[in-house]
Amino acid sequence: MSKEKGHIVDEEMLYRYFTGQLDVTEKQAIDLWVEKSTENRKAFDEAHIFYLDVHALSSIDHSRQAQNIDDTWEAFKVRNHIVDPQPTKHLTLSVNFLKYAAGLLILLVAGWYSYQYSNQPDEIILSAQGFNRDIELADGTDIILKKESTISYPEQFDPSERRVKLEGEAFFQVASNPAQPFVVELDKAVIQVIGTAFDVKTEENKINVHVEEGIVRFTSSQDQATLTQGESAALDLGTNRITKYTTTTDNYSFWRTKKLTFRNSKMADVVMTLEEAFDTEVVLDNPSLGDCNITVTFENEEIEHILQVIATTLEMTVHATNQTYTLSGDGCN
């Protein structure tokens, strides 16, 4: 092929034309070049025939097809003194431009993150490891954080709200400030108050809220409930639905008051309360014992003494083995 043709349509482009690797614009350029002169048409046809011959021969061994075509094409270029096209100045400028653009983009992104980070208030994270922890916030709110729970909040509250995040259980005595509501952020729910006292307990499948004073707004993604003094609610984390209920005792606050009260309570319910309060297992070996009723109050008592009092009152016996307490008896009439 002539030097002139090499500037317009080089052999590399013809090769890519025959193998279908050109885009529409490049293919049109080849077609125009072929129609430009008889000499171009002849060169095109010769190259095409040569390519087809090479392709036919290499197809005999499919495993070596691609290699054979490339090798033979390289031989064709050597035979015809064809030199691979050098990268154009336009391409070099484009690469440099992209490098500069990428560098500038990195600087802009890094600067944006630095700006955002520098404008975020410092966060305070407090945990209660092995014991309950008393916390007093700068606004006067008192918090009792149950052991193995964590709370976090900004060093300075936003002017529009006082937001804290809770994992576990805590009791809040919130300082009243109608202009700056107090918000407790939980997993899949929030609690908003102005000035009140309430207990929040997060568990694997539910969140319980008990209100001792004031009004609490309990909100999930699917439901909302307003709770007043003495009311409680549970959020099912599976359905995101909230159910209100009334508690007859303050046993939910045993973790901070160490007080248990049972009023004509069935033993089945007493056992569940004791298991939760002391994180242990209590078994009734006779199912009918679950229907026995008892009225009693315990304060600062160990589980062994509580069970002994219950057993004596209801004519039962109690045995302890490996952190499991078993109550035995004939049942109640």
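Tutor: Two strands pair if DSSP finds at least two bridges between them. Helices (H or I, at least four residues) and strands (E, at least two) are themselves DSSP runs, numbered from the N terminus. What you see is a predicted model, in which local features need pLDDT of at least 70 and side-chain atom pairs count only at pLDDT 80 or more, while totals for chains, interfaces and linings use all residues. Residues are numbered from 1 along each chain as its sequence is written, and side-chain values use heavy atoms, with hydrogens and water left out.

Student: How many bridges join E16 to strand E19, and how do these strands run?

Tutor: In general, strands of a sheet pair through backbone hydrogen bonds, either parallel or antiparallel. Here E16 and strand E19 (residues 324-328) run parallel and are joined by four bridges. Glu281, for instance, stands opposite Thr324 in E19.

Student: In what order do the strands of the open sheet lie?

Tutor: The order is E16-E19-E18, an open sheet of three strands with mixed pairing. Strand E16 (281-284) and strand E18 (317-321) are the edge strands, each pairing on one side only. On average, neighbouring strands of this sheet are turned by 20° against each other, direction ignored. For such angles, axes are lines fitted to C-alpha atoms, for helices over the stretch in contact, and the values run from 0 to 180 degrees between N-to-C directions.

Student: Which strands does helix H8 touch?

Tutor: Contact means heavy atoms within 4.5 Å. Helix H8 (residues 267-278) packs on the sheet and touches E16 and E19; its direction makes about 165° with that of E16. Helix H9 (residues 303-313) lies across E16, E18 and E19, and runs at about 5° to E19.

Student: What does an antiparallel pair look like here?

Tutor: Take strand E13 (residues 231-236) and strand E14 (residues 241-246), which run antiparallel and are joined by six bridges. The bridge partner of Ala233 in E14 is Lys244. The hairpin of E13 and E14 has four residues between the strands, and in this hairpin Asn240 takes a positive phi near 65°.

Student: Is helix H2 mostly covered or mostly open, and which of its residues are buried?

Tutor: Buried means under 20% relative accessible area, exposed means over 50%, and partly exposed is in between (1.4 Å probe, protein chains only). Helix H2 (residues 11-18) is mostly covered, with six of its eight residues buried. Those buried residues are Glu11, Met13, Leu14, Tyr15, Tyr17 and Phe18. After H2 comes Gly20, whose phi is positive, near 70°.

Student: How many salt bridges are there?

Tutor: Side chains of opposite charge can pair when their charged atoms come close. A salt bridge is a side-chain nitrogen of Lys or Arg within 4 Å of a carboxyl oxygen of Asp or Glu. The count by this rule is 11 salt bridges. One of them is formed by the side chains of Lys27 and Asp31 (3.8 Å, N to O). Both residues lie in helix H3 (residues 24-36), four residues apart, about one turn of the helix. Lys27 is partly exposed at 39% relative accessible area, and Asp31 is partly exposed at 30%.

Student: Where do Asp139 and Arg162 lie?

Tutor: The side chains of Asp139 and Arg162 meet in a salt bridge (2.5 Å, N to O). Asp139 lies in the loop between strand E2 (133-136) and strand E3 (142-145), and Arg162 lies in strand E5 (residues 162-167), so the pair ties together parts that are 23 residues apart in sequence. Asp139 is partly exposed, at 24% relative accessibility, whereas Arg162 is buried, at 0%.

Student: Which cysteines does the disulfide join, and why is it called right-handed?

Tutor: A disulfide is a covalent bond between the sulfur atoms of two cysteines. The cut-off used is a pair of cysteine sulfur atoms within 2.5 Å. A search of the whole structure finds one disulfide, and it joins Cys292 to Cys332 (S to S 1.9 Å). The torsion about the S-S bond of Cys292 and Cys332 is about 105°, so the disulfide is right-handed. Cys292 lies in the loop between E16 and strand E17 (293-299) and Cys332 in the segment after E19, so the pair ties together parts that are 40 residues apart in sequence. Cys292 is buried, with a relative accessible area of 0%, while Cys332 is partly exposed at 37%.
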